[in-house]
Structure formats: C-alpha cells, structure tokens
Amino acid sequence: MELRRLQAFVAVAEELSFSRAAARLHMSQPPLSQQIKRLEQDVGVELLHRTTRNVELTAAGAAFLTEVRSALDSLEAAKRAAHRAAEGVTGVVRLAFSGPTSYRELLAIAREFRLRHPTVRLDIVGPYYGGELAERLHLREADAGLVRLPLPDAGLRVRELLRHPLVAAVPCEHPLAARESLTLADLRDVPFVSYPAGRGSIVRDLVMSAFLAQGTTPRIVQDAPDTHTLLSLVGASVGIGLTPDSAGHLAVPGVTLVPVLDAPALPLGLAWRADDTDPAVAALVDLVDTFADGLRDLPAA
C-alpha cells in the first residue's frame, strides 16, 4: 500500500472534492482518480461514493480515514525521531567506568552531559577493570568508558583527561604512616595488598612495572577485588597498598595515604570504539574534550 495513495485518499476525504484535492496535491485530476481506484483495489472495499455532483465517504472509508490519519501521524513522528537521533538530540549512551577512584570525574561528566543533553539517556555501567572495560566496548555492551590508561587493545579511540598520583595506603599504626612522603625503595619487602592479576587491572600492571624497573617485585600477600576492599584490608593491617590518590574520598578508617615520590602517575581517559558513528556518543566525546579542564580543576578528595 503506497504512501502517496494514502495521502491522496486523505486529501479527497477531507476536501470531498477531486478537483480541490488535486489542486491541494499539485496534480491533475485523472491521476488522482487512478490512485484512489488502486487504493480501493488494495483495500478490497469501496472507500468513496462518487456522483456527478459530490463525493462522500462510505462507512468503510470513514473507518479507514481514522486509521490512515493515525498511521501518517506516526510516520511523521518516526521521521522526527530519526532526525533527532541523527543529530544526537535523543538516544542512549552506556558509559562504563573503572572503579571508585574515578567517581568524582564520572559524576562531573554525568551531571554536565545531562545538563547539556537532557533528552539523551545516560546509563552508567560498571565498575570494570581496564581489560574488562575494553572487552565490554568490543562486545557492544558499553558505548564509552572512563578508564585507566594505557589500554592494551586495538580498535579503540582514547582521550587522556588527567593523571592521578599513586599513593601508599598504609595502616595508621605502621611506622611508614608517620612519613610525609615515601619512595618505592621504602616499600621493598613490606607485605602488599594488590589489585588482582588476570582481570586487566591497569594499576596492578603499572605498579609491577615500577618495581621491576628498580630490580625488585612487591611482596604480595593478598589480592583485593576492588579499591574499597583493598583499603579495608590495609586498615586491618594485612599489608600496604598502592592506589590512586583519588581513592582518598573513600575515607576508610585506619588508613593513611602517603605520597610516593617516584611512583608513576595514573592516566585516566575516555575510550570508545573507533567505528562508532552514534551522534549521541560523539556528543559525549565532544563534551569531555571541552570539559577536560574542569575535570582537572575538581577539588581534591
């Protein structure tokens, strides 16, 4: 059933005149009459009763007109929705994140995005370690991710936003907790609580590389599945941990954070698929580009 035949029928039904309907549609009368005849053949019933003097809707035609108007309205609404989505005005963006050490940046980005794009739904998913988050992007279970860098993965685009210094999380009663600062050499042979191996933890990889560069490895006594658990284990005097200084907002009792002067800083960035053409995702990337300075100026935890 062709769209132009439905539009022709509505014009005739509303004007109750083939001549006026033809003028309204900017066409001649004979082709209009042919379109109505073909539409009636498609529907299988007479829609218009014609005489030499006037045109009237049949009962079937009146019922058909109601449904056709609704269908045409829905079609126009669908076109408008498609245009809004193509312009990034509507849609859904699933933003993954890598854990509580990026909470401040995550919340700032989410607030700003919802302020600027109130008709786009922003779903927050996670937390994930870096390798896990990259996998979620490739599986299309997330559209973008706030993640620690570097990501050892192809097919993703990345914007570095800022860097967080590494600090030592030390039990309050430990002698090192009284120090103003530490070096990696100060942490040799102390028991360590670490992020887990095998889950793509960028922090763990960076810590291991920093110790290896000094010819040693940390003495890991226990792995923790997340930052909050790591700090809780430190507070229970299981060991010392290295974590981004942005973990300070967790304020776990019994834990002191001490700067480590020669530890590498941890980059935080936004990652997304290189082949993603969704305008709503592009709007998030644009926002992060313009909002990067604001992220760096967020108050310390």
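How many nonpolar, polar and charged residues are in the lining of the largest pocket? The structure examined here is a predicted model, in which local features need pLDDT of at least 70 and side-chain atom pairs count only at pLDDT 80 or more, while totals for chains, interfaces and linings use all residues. Residues are numbered from 1 along each chain as its sequence is written, and side-chain values use heavy atoms, with hydrogens and water left out.

The largest pocket holds about 260 Å³ of space. On a 1 Å grid over the protein atoms alone, a pocket is an open set of points with protein on both sides within 12 Å along at least five of seven lines, a cavity is a set where a 1.4 Å probe fits but cannot get out, and lining residues have an atom within 4 Å of a point. The pocket is lined by 20 residues, of which S98, G99, Y128, Y129 and T227 are the closest to its centre. Its lining comprises ten nonpolar, seven polar and three charged residues; Ala, Val, Leu, Ile, Met, Phe, Trp, Tyr, Cys and Pro count as nonpolar, Asp, Glu, Lys and Arg as charged, and the others as polar.

One cavity of 30 Å³ or more is found in the whole structure. The largest cavity contains about 80 Å³ of space, and its lining includes F192, R204, M208 and L242. Strand β8 (191-194) and helix α7 (202-213) each supply at least two residues of this lining; helices (H or I, at least four residues) and strands (E, at least two) are DSSP runs numbered from the N terminus.

F192 in strand β8 also forms a pair with F211 in helix α7, 19 residues apart. The ring centres of F192 and F211 are 5.6 Å apart and the planes stand at 85 degrees, so the pair is edge-to-face (rings of Phe, Tyr and Trp, its six-membered ring, pair if their centres lie within 6.5 Å; planes under 30 degrees apart count as stacked, over 60 as edge-to-face and the rest as tilted).

Four bridges join β7 (residues 166-171) to β10, and V167 stands opposite T243 in β10.

Note on methods
Pairing = 2+ DSSP bridges. Points joined across faces, edges and corners; volume = space filled by probe spheres on them.
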